[in-house]
Amino acid sequence: MSATNCLRCLGRPSVAGASRGVVVPVFAPRTAPFSTTAIQNALPAKGKSGEHQDRSVRVYRAGRKMTFKKKHTGDRGKPPAPGERKAFRKKIVLSNDNALPVPWVTEMEASSLSNENKVGTIVSLPPAVQDQLRATEAFQPTQTWGLFRKPSTLIRKETVELVGKMEKATANKQTARVVLTGEKISGKSTMLIQAQSYAYLNNWIVIHFPDAQELTNGSTEYAPVPNTENPTLYMQQNYCLKLLQSIKKANEKILAKLLTVSNHSELPQNIPVNQTLLSLINAAKEAEGAWSVFQALWSELNAHGANRPPILLSMDNLPHIMKISEYRSASFDKIHSHDLSLVKLFTEALSGNTRFPSGGAVIAATNRNNGPRIPSMELALKQRLAEQRASQEETVPVRDPYFKGYDDRVEKVLKSVEVMEVNRIGKREARSLMEYWAASGLLRTTVDEQTVSEKWTLGGGGVLGEMERAALLTMKI
Amino acid sequence: MPPRLNLASAFRALSLRSTTPAAGPGISQPLLSQKLAAPVARRFYSDNLTPNSNNESSSSSQIASSPGQLPPSSSSSSSKEVGEQQQQQQQRHNEDNLDALSRLEMVAYGLNPFNARKEGHKYGLPSLPLPSELHKDHRYDDVMGQITRLLMKDGKLSKAQRDMAMILNYLRTSPAPKTNPARPLIPGSPAPHFLPLDPVTYLRVAIDSVAPLVKIRGFRGLAGGGRNLEVPAPLAARQRRRTAFMWILDAVQKRKSKGSGRKMFPTRVAEEIVAVVEGRSTVWDKRAQVHKLGTATRANLMNSQIKNFL
């Protein structure tokens, strides 16, 4: 990721090093790549010399110098291949053959998530939807899908509310713009999964950003978008390519039916009118040109009068795009996250500046565990909540006049969103969930009022993830 | 010293009526022992305002509905009924008062006037003796409690417990083990296909199956020429499990780490436990070696000098 020379050296080619007359190889090991000290001044690091090979440890114990011989740990064989360790960490298992099938769990249908009578029931995800959700990386390794026979979810009060909003918006060709907030492990990401499942079952186009921090934490390549000034926008081509591939995998059936309405000659591969959008995505074979393909796809999806399906744009871990990113501009200034073009696309949709032709939804979920604290975002969400309640006693909170850390751009984006709190579940929902656990053979107690009450209380008064921890991730089985 | 009489509570407990009693109850005071034995079902901090029978409530409502009128010009029978009812009511009041008085008496004798079994508990009291899992120190299975502490590093028990929970979840999501007839599991263990359904038993079976029966004690210099005299010594159940699990942890140390994150260590331990049950683990060899040495050295138990130590 880092350049082989530091930025200062780029400006002034290394004359200083050459004048010293010391021949230093360019691949000399360096410890601090961002150091502004001329690297040529440092002597090359010593290799492992004889004195380091005797494997002894010297310590001072009770004032005396002691030497211990280190145990030879032996050869462990080949180390894991690159990416293997991360793959283990991110591995998603969706079924457990030892768990018993639960007879009353039905498969999710297009209308089941918006049905108020189904609140408190468990539905399983259809296999096709599972594949689509896998493609968008909606499942997370910390969730407990791997314990049950089939991946299933509880239909909560909030689920019906959220899906109802999506339904209502598309009926009026509007866009529902919702931010999900709530406590740690209260089920915000699962709500996103449910929203996506609804969208897949109702033939929407789904574009999902599984983790916003990948966009802003400086882990993908970036470059300025040509011909953008004030502010300069930045594109992330590698991420874009990955996103395009996930969009293609998840929405293959619908994209194969949609046709382009305009000519795209600027792409690496010329796409004329009346080609499928799938072939448009296929034009992005490499990271180079991925951003232009994505732009073309986005303009095609938002083409008016082309009878496009509704769009669901969703993002997990929202606070990460509401801060200054880890990227730097050419003049070494910090880049605001909203100047990254992909993030800008999302924030424009979230703030309501982009209108989808057939309506749809923009849903973002905050995170409390790994998320940075964004005072402006927190304030804006509180304000929206207070406005939604619209009660006489409660006043809309205002900025603290003595605090400097507010960000106008963030507050502008969240000016008119709906905020939904993903709260604790009630005892009725908890009971239905625990009956499902027990029927799967994972909770080995009778489910009566006392057990439900016990786990509900242990789970922080119905925080769903905490209840799972108390009942499923426990030594007492 | 006589116990102090609490007069305040005594007055609170007495129920007072403005109406004059129609007739004396004519009931002799019951003995204290009788009163103690009588079940105390109600609390008497206040008057009992809820009518007990339909009969009574209907009559009282009749009276209440016609406050201005005189009592109805009654036939002799109806007035008799009303009189009886009043008498009954009065009797109940007197009983209540007697109850309160008996409690006062109990206070005077230094006894607790309330029966804890019957009063003051929303959900009742649990039956005694308490099952061991309700005690905070014994809430887990004995093997689980022991080996979780063996997993613990740097005194972080909570992390060890989480690791243990992950081990159990690995065991219950992995397929049923294929046992090796050459490495028989401990007698009485359930069939292999039941094990994943009960991960605690899975773990217990694995540990108990490889637990050694003896350890080898060395007595310095007793073998002659400064050599150790090796003697087998029996182990208690807890010691056997400890030895077995430490061997398993040694084997886990030697396993290659294939991944990263908090699930890696529990996964390695769980894989080793599956390997033990399937007879693939090197821990079985260690056990066989110890047992072999124990058999070989048992003759040393007859050493005359040893006898002084044992």
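How many helices and strands are there in chain B?

1. Chain B has 11 helices and 2 strands, where helices (H or I, at least four residues) and strands (E, at least two) are DSSP runs numbered from the N terminus. Read from the N terminus, the order of its elements is α-α-α-α-α-α-α-β-β-α-α-α-α.

2. The structure is a predicted model, in which local features need pLDDT of at least 70 and side-chain atom pairs count only at pLDDT 80 or more, while totals for chains, interfaces and linings use all residues. Residues are numbered from 1 along each chain as its sequence is written, and chains are lettered from A and ligands numbered from 1 in the order in which they are written.

3. Chain B comprises 310 residues, of which 19% count as buried. A residue is buried if 20 or more other C-beta atoms lie within 10 Å of its own, exposed if 12 or fewer, and partly exposed in between, with C-beta atoms placed from the backbone. Among the contacts of chain B with a separation of 6 or more, 67% join residues 24 or more positions apart; two residues are in contact if their C-beta atoms, placed from the backbone, lie within 7 Å.

4. In chain A, the domain assignment gives domain 1 (101-421) and domain 2 (427-475); such bounds come from an automatic or database domain assignment. The C-alpha centres of domain 1 and domain 2 of chain A are 31 Å apart. To their contact, domain 1 of chain A contributes 15 residues and domain 2 of chain A contributes 14 residues. The side of domain 1 that touches domain 2 has 7 nonpolar, 5 polar and 3 charged residues (Ala, Val, Leu, Ile, Met, Phe, Trp, Tyr, Cys and Pro count as nonpolar, Asp, Glu, Lys and Arg as charged, and the others, Gly among them, as polar).

5. A:Leu443 is placed in the loop between helix H15 (427-439) and helix H16 (449-458) of chain A. A:Leu443 counts as buried because it has 20 C-beta neighbours inside 10 Å. Leaving aside residues up to four places away in sequence, A:Leu443 touches A:Met434, A:Trp437, A:Ala438 and A:Ala471. A:Leu472 is 29 residues from A:Leu443 in sequence, with 6.9 Å between their C-alpha atoms.

6. Helix H11 (residues 290-301) of chain A is largely enclosed by the rest of the structure, because 9 of its 12 residues are buried. These include A:Trp291, A:Phe294 and A:Glu300. Among the elements against which the buried residues of H11(A) pack are strand S7 (205-209), helix H8 (237-250) and helix H12 (341-351) of chain A.
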